[in-house]
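Let's take a friendly walk through a protein structure together. Have a look at the picture first, and then we will go through some of its features.

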Amino acid sequence: MLGNKTGGAGLVVLASTVLIAGCDGWMGETSGEVDITAMNADELAEYLVLETDSYRFEQEAQEGGSARERMKQDGIQAACSLEGDPDADTAGEVIAMARESYEEPPGGPRLGNWRRGAELARSGYGYRIGHRNDDHGSREPGGNCYACHQMDPAEELYGTLGPSLAGYGATRGNDSSVVNYVHQVVSNPHQYFPCTKMPRFGHNNFLTEEQIAHIMAYLLDPESPVNQ
Amino acid sequence: MFKKALLALPVAMAVGAAAQAGEWQDPNDVLQQFLQENPDSAYLHQSEMNIMMMPDNPALWLVDEGEELFYAKRGPNNVSLEGCDFGKGPGELDGAYVELPRYFEDTGKVMDFEMRLVHCMKELQGFTSDDAAVGQRHGNGSDIMKLTTFIAHQSSGMAWNPPLDHPQEQAMRDAGEKLFYRRGGAMDFNCASCHGDVGKQIRASVLPHVGTGPEWSKAVSWPAHRAGHDNVRSQNHRIRGCVWQMRHAGIKADTPVNTALISYWNDQARGEPAILPDLKR
């Protein structure tokens, strides 16, 4: 992950002025006396996230590494921390970063089993940590697709943050260009939709390549309920 | 632009005709006013059942218990919380809740409501983090939620108006805005991923939009009886839940990231009357 924003460099540490009078001062606990008004808003936000003991950073994240790693931004996360849509330059940079880090699965993208894909697309389990931790040993993490997309037109519970994908394969077919495109989107959608709200399921190792193959079958297999 | 101009006016002018900035209103009356004035808000109108239940909001049961706790002599120091200054003077609760977070001279920092309450329970009453009185933060049975509901209720119907006069208040509010848009975690989410558009749904939940005053005022109106949890929940509990769903790192209580986020989100509801306590899905 790129610590490309401000790190500790922007902090203004005052040697003598006592800014913290109370004994439960958060600033005093971790870093001496810090004048938060001497930082700009970006610097202060980074400082608050990384230096004030606001998170349970010592916890292990399911994808490996500590919880702290989750809160350090990579290039795309930093570039897309925006109100509204990215400008043309930012969009171009984000697309370039996304393309550069894209990896095809060994042997190329393929379709798995749509029945398995249906379960994975519905499941919202996985990767949550904090006051309660998802246990991947007892339950497989899922893709949360229904949180944002309509898929099977017969399913009534679906979110609307993303476009409807009902009939996705029926309208587009499933030749290799379609299969490749869908893999690129599910793995890292910023290649086509810079700063999209959709997670990078492949890039972030949120889903395995095998799981992605199953979900792709759910979208593209002519037998899948998505395409009825 | 029109909205910006409104926000610059004294808060009393921005709220509905019925409400004065400083006037207490029954939480159900505030809700009814929002519903009537915003007939197209999918978020506000999403639960017929909750709207019907609102006059008998179970959160109101905690108000009396909280009042008793507030005035009782408690803790190792055997004093009441009447000496606690939430920003309007010791024991002054009218309108205090909607004017937080704020900078406190005695601690030299910006504190949100829960942070301040805990501070007083420790400093005045002598409780420590090991005591259930401050250690237990969630659930109808906790002292913190009873006190929170009683104190917040004293500001019902008043307009959100967190002060921004002190440079630290402005700094925390601005950092909170950055945090709201800061992407991170295993799903690359920021708060705006789900609260940045009007009328969107995640699964079955209609999401409140941060840029729509009445929706956002109801959204930040905690404490609220959360029907799905059958318990009264706090602003901090909501943040913890959203952060958990976002697959960020787990957030801790009484921390500056909480305070900054609340500084921003209460500011986004500025001028709109608060529903205290509210009732949510």
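A cavity is a set of grid points where a 1.4 Å probe fits but cannot get out. This is a predicted model, and it holds 3 cavities of 30 Å³ or more.

The largest cavity has a volume of about 100 Å³. Which residues lie nearest its centre? They are B:Tyr97, B:Phe113, B:Glu114, B:Gln235 and B:Asn236, out of a lining of 13 residues. Helices H6 (113-123), H12 (235-245) and H13 (256-268) of chain B each give two or more residues to this lining. By type, the lining divides into 6 nonpolar, 5 polar and 2 charged residues.

## Two helices that cross

Two packed helices are described by the angle between their axes and the distance between the axes. Here, the axes of helix H2 (residues 41-51) of chain A and helix H9 (residues 167-180) of chain B come within 8 Å and cross at roughly 75 degrees. H2(A) is therefore roughly perpendicular to H9(B).

On the H2(A) side, the contact residues include A:Leu44 and A:Leu48, while H9(B) brings, among them, B:Met172 and B:Leu179. The residues of this contact divide into 9 nonpolar, no polar and 3 charged.

In chain B, 3 strands form an open sheet in the order S6-S5-S7, with mixed pairing. Strands S6 (231-233) and S7 (278-280) stand at the edges with a single partner strand each, so one side of each has no neighbour in the sheet. From one strand to the next, the twist averages 35 degrees.

Strand S5 (residues 224-226) of chain B pairs with S6(B) in the antiparallel sense over 3 bridges. B:Arg226 has B:Asn231 as its bridge partner in S6(B).

Note on methods. Residues numbered from 1 in each chain as written. Chains lettered and ligands numbered in written order. Predicted model: local features only at pLDDT ≥ 70, side-chain atom pairs only at ≥ 80, totals over all residues. Heavy atoms only, no water. Axes fitted to C-alpha atoms, helices over the stretch in contact; angles between N-to-C directions. Helix = DSSP H or I, 4+ residues; strand = E, 2+ residues; numbered from the N terminus. Parallel < 35°, antiparallel > 145°, perpendicular 65-115°, else oblique. Contact = heavy atoms within 4.5 Å. Nonpolar A, V, L, I, M, F, W, Y, C, P; charged D, E, K, R; others polar. Pairing = 2+ DSSP bridges. 1 Å grid on protein atoms, 1.4 Å probe; cavity = no way out; pocket = protein on both sides within 12 Å on 5 of 7 lines; lining within 4 Å. Points joined across faces, edges and corners; volume = space filled by probe spheres on them.
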